Amino acid sequence: MNPMEQFTVKPAFGLDHPLFLLGGHPIYFTNQAFLMILVVVLSALFLTFAVKPGRLVPTRGQSMAEVSYEFVANMIHSATGEDGLKYFPFVFTLFIFVLASNFFGMIPGSFTVTSQIAVTLALACLVVGLVIVVGFMKHGLGFLKLFVPHAPWYLLILLIPIEVISFLTRPISLSVRLFANMLAGHTMLAVFGGFVVSLGAAGGLISGLAIAPMLLIVAIMLLELLVAFLQAYVFAILTCIYLNEALHLHDHH
Amino acid sequence: MAQDPGELRELGKKLDEAQKRQVERSTRPPPSQMGIAGRFATELVAAVVMGGGMGWGIDWLFGHFGFHTRPVFLVVFFFLGAGAGILNVKRAADEINAQIAAGQNKE
């Protein structure tokens, strides 16, 4: 039993035939693509149909939709102020996508989309790309002042490249944090799951010991639910912080 | 007692602000030790990798046009990346300190 096996990207439903060829490369409909579509469709349907205007006592679904709306709106407001609320749809979509992917990954036997660096890096590049576009649209070339700290000119030769590298690091640290957390958690669950199976198969009294890793799995599962939420939150709040910098250009000094 | 509408409105505004601050604080979970360690590690390593990668890329680009600069830019940008990594960690530390301070104010 390989604990990393759960992260294999493979054609979904045994569809071994590629969908089409792109520049000679076969494109498959993978389990990852399936889960991403499922996450998007189900969360969109849920958020659309859970809310009905004019209901005096909200149902459970409506409360969930409203709480997540208010949560993200508060987050953007506290991190970027009034003018950041324009980007609410972007941040909300991102938050819900990451959150729903993390939670779908928690269902035993499913696949965790956010444990793939390709997905998280693409999301992070989208965020930083948006930050750059917003910065240039709002401030023109003045956006480049973000990379110029207050220092004498001879130090700027050294400091500007450092600031630029530091800025370009963002997509990496943003994506690696989400990816590593999900990867580590799910690997841990699979490893302890392997303990249960091998102890249980040992036979005799030793089989009884299998209850110990079993209990541990329950605890880790709860922890992972917390991590799933926390990482979605961290992803969204960092998006807000980066947007805030592009909007208001305050430097760090 | 606050009787006239101006004063009442003032009071209402203050209440709204206080409530908002409360929400902001309570939605910000404090970072765990493990989280802080992971954060610093990724910030530092990502910057060094980014710097080294950029230097390697610049060398490759120059080599493409017939200038054999390899490994000058790789070396220079590796160290710049290390500097950027330390800057990132310092900023992350400032951020976490601010979060912890905000958490302590609440109590």
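Which residues touch the most other members of the largest nonpolar core? The views below are taken from a predicted model.

**View 1. The largest nonpolar core and its most connected members.** This core holds 56 residues, and those that touch the most other members are A:V91, A:L94, A:F95, A:V98, A:F235 and A:A236. The largest contribution to the core comes from helix 7 of chain A (residues 211-248), which supplies 10 residues. Apart from its neighbours within four places in sequence, A:F95 is in contact with A:V72, A:A232 and A:A236.

**View 2. The contact between chain A and chain B.** On one side are 16 residues of chain A, in contact with 19 residues of chain B. Three helices of chain A each supply at least two residues to the side that touches chain B: helix 2 (60-80), helix 5 (153-168) and helix 6 (170-201). Helix 5 of chain A gives the most, with 5 residues. Sorted by class, the side of chain A that touches chain B consists of 9 nonpolar, 6 polar and 1 charged residues.

**View 3. The crossing of helix 1 and helix 3 of chain A.** The axes of helix 1 (residues 31-49) and helix 3 (residues 88-105) of chain A come within 10 Å and cross at roughly 120 degrees. The crossing of these two helices of chain A is right-handed. Helix 1 of chain A takes part through A:L35, A:V39, A:V40 and A:S43, and helix 3 of chain A through A:I96, A:F97, A:A100, A:S101 and A:F104. The residues of this contact are 7 nonpolar and 2 polar, with no charged residue.

**View 4. The packing of helix 6 and helix 7 of chain A.** The axes of helix 6 and helix 7 of chain A lie 10 Å apart, at an angle of about 170 degrees. Because of this angle, helix 6 of chain A counts as roughly antiparallel to helix 7 of chain A. The contact of helix 6 with helix 7 of chain A comprises 20 nonpolar, 4 polar and 3 charged residues.

**View 5. Chain B and its cis peptide bond.** Chain B has 3 helices and 0 strands, in the order α-α-α along the sequence. Of its 107 residues, 21% count as buried. Among contacts in chain B with a separation of 6 or more, 68% are between residues 24 or more positions apart. B:R70 and B:P71 are joined by a cis peptide bond, with omega about 5 degrees. B:P71 is in the loop between helix 2 (33-64) and helix 3 (72-106) of chain B. For background, most peptide bonds are trans.

**View 6. A:M1 and A:F13, in the segment before strand 1 of chain A.** A:M1 has 9 C-beta neighbours inside 10 Å and therefore counts as exposed. Leaving aside neighbours within four places in sequence, A:M1 is in contact with A:G194 and A:V197. The C-alpha atoms of A:M1 and A:L22 are separated by 34 Å, and the two residues are 21 residues apart along the chain. A:F13, also found before strand 1 (20-22) of chain A, has a phi near 55 degrees, a positive value in a residue other than glycine. Most residues other than glycine have a negative phi. A:F13 counts as exposed because it has 8 C-beta neighbours inside 10 Å.

Methods:
Residues are numbered from 1 along each chain as its sequence is written. Chains are lettered from A and ligands numbered from 1 in the order in which they are written. This is a predicted model: local features need pLDDT of at least 70, side-chain atom pairs count only at pLDDT 80 or more; totals for chains, interfaces and linings use all residues. A nonpolar core is a set of buried Ala, Val, Leu, Ile, Met, Phe, Trp, Tyr and Cys residues joined through C-beta atoms within 7 Å. A residue is buried if 20 or more other C-beta atoms lie within 10 Å of its own, exposed if 12 or fewer, and partly exposed in between; C-beta atoms are placed from the backbone. Helices (H or I, at least four residues) and strands (E, at least two) are DSSP runs, numbered from the N terminus. Two residues are in contact if their C-beta atoms, placed from the backbone, lie within 7 Å. Ala, Val, Leu, Ile, Met, Phe, Trp, Tyr, Cys and Pro count as nonpolar, Asp, Glu, Lys and Arg as charged, and the others, Gly among them, as polar. Axes are lines fitted to C-alpha atoms, for helices over the stretch in contact, and angles run from 0 to 180 degrees between N-to-C directions. A crossing is left-handed if the near helix is turned anticlockwise from the far one by less than a right angle, and right-handed if clockwise. Angles under 35 degrees count as roughly parallel, over 145 as roughly antiparallel, 65 to 115 as roughly perpendicular and the rest as oblique.
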